[in-house]
Amino acid sequence: MKTILAWLAAILAMAVGLQPAWANDDAGNQGPAAQGATEFKVDHKWPKPLPNRWEFGQVAGVAVDRNDHIWIIQRPGSLTVDEAGAAQTPPRSECCFPAPSVMKFDREGNLLLAWGGTADPGFLTDRCTPAKGCEWPTNEHGIFVDHNDNVWIAGNGAVNHQVLKFSSDGTFLLQVGKAGVTGGSNATTGGLGDTPLLGQPADVEVDPTNNEAYIADGYQNKRVLVVDGNTGKYIRHWGAYGSTPDDANPGPYVAGQAPARQFRNPVHCVRITNDNLVYVCDRVNNRIQVFQKNGTFVKEFFVARDTLGNGSTWDVDVSPDRAQSKLYNPDGENNKVWILDRQAGTIVSTFGRHGRYAGQFHWVHNLAVDSRGNIYTAEVDTGKRTQKFVPVTGNRRP
């Protein structure tokens, strides 16, 4: 009888777009959620249809600014010929055209602004040029909007060793690093404007208390790098456990082995919390390491430790309550979002599964949370979309 009731409850939950917090996923590896855990329902109407017959490519990053506007960075170059059929010469179909790389939406899904990249006419020949010290990445990766509404982006293409800073309208302000040149995980200079050389950086976050920019550096290097948010000049850096980074190849991740003493590539995210802690995604090692701002190691959390392939810890954001009590971790290998207790690092619940329907994921890559607790996700590979999930109060299993 209990099995039948559970089955009926799961069917009802799916009918309204929810994954029950107490349910097992398809692999049977999710335990009961904590009582009172928040559930999330996908808003299948977000975002609204794009103008100009535009289409998303791989959505590589998502951020929420201080006004609860949602920013994404997407890869127009990742669209296939048939997906961008109208852009071919001659056009092969009625739709579509690649959209600009950086796009800003409101909470209702209206597009407010779009600029940057190869699909923005004149941008790479006038506004962002090597002569101006602006080297747009070949493969966009990661976006952050700081306390002054400046937009920071990274790139993880083979020659993308730079982080760029723009005003909200796309005016170029600063570049850290230099395209095509890298100096290893302990480089402190050598980039444009005497900034540090980078190694395929993944993401950025800026500390509003002192305007220091923390870079997850990244796909080639194995460190967290901190630079001045105005000049890009070097301040400090560290590797796993706060150690000096070692660029030696540690070999593939093996489930059951002792925790690696160094980061594996990629160092995929960095997030600063209100209590002055820095959370770092060591993706292939299936862990989130926590540091003080000076690089002193505090603790680490492991998520789905048996995960192989691309690893389980792709990004981190926090719940909007005063204590920022929850961590949200999108997992693009298991294709779900893990919800963790921020203090204990224990799993509270999850939502999502692999699939193509609204509310499901394929390579969920980044995540951001607004002031109302809505979660916005970004998908790469062939996922090529951004989704919104709304917190709801659901019925709890007795």
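Predicted model: local features only at pLDDT ≥ 70, side-chain atom pairs only at ≥ 80, totals over all residues.

Trainee: Okay, is D315 buried or exposed?
Mentor: D315 is at 1% relative accessibility, so it counts as buried. Buried means under 20% relative accessible area, exposed over 50%, and partly exposed in between, with a 1.4 Å probe and protein chains only.

Trainee: And where is D315 found?
Mentor: In the loop between β19 (297-302) and β20 (317-318). Strands here are DSSP runs of E, at least two residues, numbered from the N terminus.

Trainee: What does the side chain of D315 make a polar contact with?
Mentor: With the side chain of R271, at 3.4 Å. The D315 side chain also reaches the backbone nitrogen of L367 at 2.9 Å. A polar contact is a pair of N or O atoms within 3.5 Å; within protein, one must be able to donate a hydrogen and the other to accept it, and residues adjacent in sequence count only if both atoms are side-chain atoms.

Trainee: Switching topic: how many residues of strand β25 are buried?
Mentor: 5 of the 5 (residues 375-379), so β25 is largely enclosed by the rest of the structure. I375, T377 and E379 point one way, and Y376 and A378 the other.

Trainee: Which strand does β25 pair with in the antiparallel sense?
Mentor: One is β24 (residues 364-369), over 5 bridges, with V364 opposite E379. Strand β26 (residues 385-392) also runs antiparallel to β25, joined by 5 bridges, and there K388 is the bridge partner of Y376. Two strands pair if DSSP finds at least two bridges between them.

Trainee: What about the hairpin of β24 and β25: which residue takes a positive phi?
Mentor: G373, near 90 degrees; that hairpin has 5 residues between the strands. In the hairpin of β25 and β26, D381 takes a positive phi near 55 degrees.

Trainee: Last one: which residues touch the most other members of the largest nonpolar core?
Mentor: W115, W136, I143, I153 and F166, out of 18 residues. Such a core is a set of buried Ala, Val, Leu, Ile, Met, Phe, Trp, Tyr and Cys residues joined through side-chain atoms within 4.5 Å.

Notes: Residues numbered from 1 in each chain as written. Heavy atoms only, no water. Helix = DSSP H or I, 4+ residues; strand = E, 2+ residues; numbered from the N terminus.
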